[in-house]
Amino acid sequence: MIQLTENHLKEIAAHGERDYPHECCGLLLGSFNTGLKTIAEVYPISNAREEEAKRNRFLIRPEELMRGERYAQRQGLEVVGFYHSHPDHPAVPSAYDLDHAWPVFSYIVVSIMAGAARDLRSWEMEPDRSRFNEEEISARPPRAVSMKVS
Ligand SMILES: [Zn+2]
């Protein structure tokens with residue numbers, strides 16, 4: 001389970017809408033607990049890919065990831081996951097996402113349809129890297145578990 005605030009969800013949705021029709025991406029900073037990740041902060045990162053490739057794939061440059069990790073350390077936080085948007089596609093990870101993911105981390109995907117955030121889901125990779133499993137989102141205050149962002 002991943003726990004974050006409704007503000008975090010709004011920030012991710014707003015970043016996706018801002019970067020539409022390109023993919024946005026960023027880091028989820030917080031802490032790992034047994035069976036639970038708690039997000040303390042959302043850390044936006046620009047999409048590193050060239051303009052023409054931005055529509056389809058996301059990639060975080062190593063130096064951007066390192067900057068994010070250093071920032072997290074200074075706050076006493078860890079990188080516990082990543083988020084990115086799917087412009088005009090469902091909030092379901094692609095085969096490319098699976099190829100470039102790591103176990104343990106959470107992957108939040110926000111679907112941006114015609115410029116508006118429609119759905120947001122979190123995913124965790126199967127330990128054998130064969131597929132993603134949907135992860136339950138607990139939003140504080142605890143009301144929307146599977147949240148529709150509009
Ligand atoms: Zn993706």
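This is a predicted model: local features need pLDDT of at least 70, side-chain atom pairs count only at pLDDT 80 or more; totals for chains, interfaces and linings use all residues.
## Zinc site

The donor atoms are NE2 of H84, NE2 of H86 and two OD atoms of D97, at 2.0 to 2.6 Å from the zinc ion.

Along the chain, the donors follow the spacing H-x1-H-x10-D. H86 belongs to strand β4 (residues 78–87) and D97 to helix α3 (residues 95–99), so this pair ties together parts that are 11 residues apart in sequence. H86 and D97 are both buried.

## Helix α2

Helix α2 covers residues 62–74, which is 13 residues.

The buried residues of α2 are E64, G68 and A72. These residues cover an arc of only 75° around the axis, and therefore lie on the same side of α2. They pack against β2 (25–33), β3 (36–45) and β4. On the face of α2 turned away from the buried side are the exposed residues P62, Q73 and R74. After α2 comes G76, which has a positive phi, near 75°.

## G81 in strand β4

Strand β4, which packs against the buried residues of α2, also holds G81. G81 has a relative accessible area of 0%; because buried means under 20%, G81 counts as buried.

Not counting residues up to four places away in sequence, G81 touches L27, L28, F105 and S106. G81 and I2 are 79 residues apart in sequence, and their C-alpha atoms are 9.7 Å apart in space.

## S138 in strand β8

S138 sits in strand β8, which runs over residues 137–140. With a relative accessible area of 14%, S138 is buried.

With neighbours within four places in sequence left aside, the contacts of S138 are M1, I2, Q3 and L4.

How values were computed. Residues are numbered from 1 along each chain as its sequence is written. Side-chain values use heavy atoms; hydrogens and water are left out. Donors are N, O and S atoms within 2.8 Å of the metal (3.2 Å for Na, K and Ca); water is not among the atoms, so sites may look incomplete. Helices (H or I, at least four residues) and strands (E, at least two) are DSSP runs, numbered from the N terminus. Buried means under 20% relative accessible area, exposed over 50%, partly exposed in between (1.4 Å probe, protein chains only). The expected span of a helix is 1.5 Å times one less than its number of residues. The arc is that of the directions from the helix axis to the C-beta atoms. Contact means heavy atoms within 4.5 Å.
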